[in-house]
Amino acid sequence: AKQIRDETLLKMRSGYTVSHFRTVKELYEQSFVIFPLSVKTRRRHDFFFKFGIQKYADMEINKVTAADIQESLNTYALTHTHRHTQGLFAVWRRIYRTCAMLNINVIDRTLAVTVPKGIQNKQRKKDISPEDLETFCDALLEYNSASIKGSYCCHAIYYGIQIMRYCGLRPAETFALMKSDINLQTGYITVSKAARSTYTSTLEIGATKTNRSVRTVPIPDPLKPILMDCLAWSRNEILLADYYGNLLSIDVVDTLVRNVRKKCPGIDFTLYMLRHQFSTDLFNQGINPAVIRDLMGHESESMSLEYATS
C-alpha cells in the first residue's frame, strides 16, 4: 500500500492523473493474452466468471472491495464444492495478477478473503469388482452394435479399459498410444504422450502430465493376448482411434461410458476407477511404494498411496 501511495503521489506531482481504471471484464479478457490457457481450461474459467463474477463485470477494478470478492465466494459456495469455489477464487487471483503485470496500481483484494468450505463432496467409489467390470465391458461391446462406426468406437474403449486395468495408465495417455508404443517382444508399453487440449486446439497429441509421466510400463501376462487382438483389430497408427483414424476425445469417451453405465443398473464405473484399482492391487500385494509411483507416473509415493483404497 505504501508503494502504491508513493508511486501515485509521484505521478500526481508530474501532472499524471488516473481518469479511468479498467473493468473486471476487461482485465479478465486481458489475462488470457498475458497468461494463455488451453482451450478446455479457458472454458472452465469462463464458467467460473459467468456464474461467480459476472455481477461485477462492469465495475472498475479500483472500486471492487474485499467484501465484494468474499460475497461472490460465499454465494458460490452455497451450491458448489470447496474445489469449485477455489476455482472461482483462482479467477479472481488471475485478474489481480493481470493488474500487476499491467502496472495498474490497485491493492490485491484477494489477500484479505477466505475461501469458504462449500458443500460436501459426494464420496465416490474408487474401485470396481472384476465381475462388475466384466458386466460393464459386455454391455459396452453390445452398445451401438448396429453401427459399424459406433461399434468400432466401443471396441476402442474396451481395449483402452483393459490397458488401464492392467497398466494403470491415465485415460489421456491410453488414447494417445501408437501401435509402435506396444512392444510384445520385449513386453513393454512406452508412455510418452497424452491426448490433451492446447492453446489452439481442443484435442491433439501433446506432452504427458508431468516429466515423471514419461515411462516404460511392463505388460502383464493376462494383457498380452488382449493386446495381440487389439493390434490386429486396429486399422490406424493411433492404436485406439475412431473409425476414421482420429484421436478419441476423452470427453466423448466419458460420455459413452456414462451412457453404457445406464444400461448396467447397480454398477458405478468411471475410467479413473481403473487407475485407483491398479494402485490398490499393487499396494495390497506389498509392492514398494516407489515402484507403484514409477509405474503410475506420479511425482511422489504419497500420491500413489492416496490412489490406493485399503
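Glu 29 and Lys 25 pair through their side chains in a salt bridge (3.3 Å, N to O), a term that covers a side-chain nitrogen of Lys or Arg within 4 Å of a carboxyl oxygen of Asp or Glu. The two residues sit four apart in helix α2 (residues 24-34), so about one helical turn separates them. Helices (H or I, at least four residues) and strands (E, at least two) are DSSP runs, numbered from the N terminus.

A word on the source: this is a predicted model, where local features need pLDDT of at least 70, side-chain atom pairs count only at pLDDT 80 or more, and totals for chains, interfaces and linings use all residues. Residues are numbered from 1 along each chain as its sequence is written, and side-chain values use heavy atoms, leaving out hydrogens and water.

In helix α3 (residues 39-52), Asp 46 and Arg 42 are also four residues apart, about one helical turn; their salt bridge has its closest N and O atoms 3.0 Å apart.

Asp 181 forms a salt bridge with Lys 193, at 2.7 Å between the closest N and O atoms. Asp 181 lies in the loop between α8 (171-174) and β1 (182-183), and Lys 193 in the loop between β2 (188-191) and β3 (194-196), so this pair ties together parts twelve residues apart in sequence.

Here is how accessible some of these residues are; buried means under 20% relative accessible area, exposed over 50%, and partly exposed in between (1.4 Å probe, protein chains only).

| Residue | Relative accessible area | Class |
|---|---|---|
| Glu 29 | 33% | partly exposed |
| Lys 25 | 33% | partly exposed |
| Asp 181 | 8% | buried |
| Lys 193 | 16% | buried |

Through shared partners, salt bridges join Lys 25, Glu 29, Arg 42 and Asp 46 into one network. Across the whole structure, the search finds twelve salt bridges.
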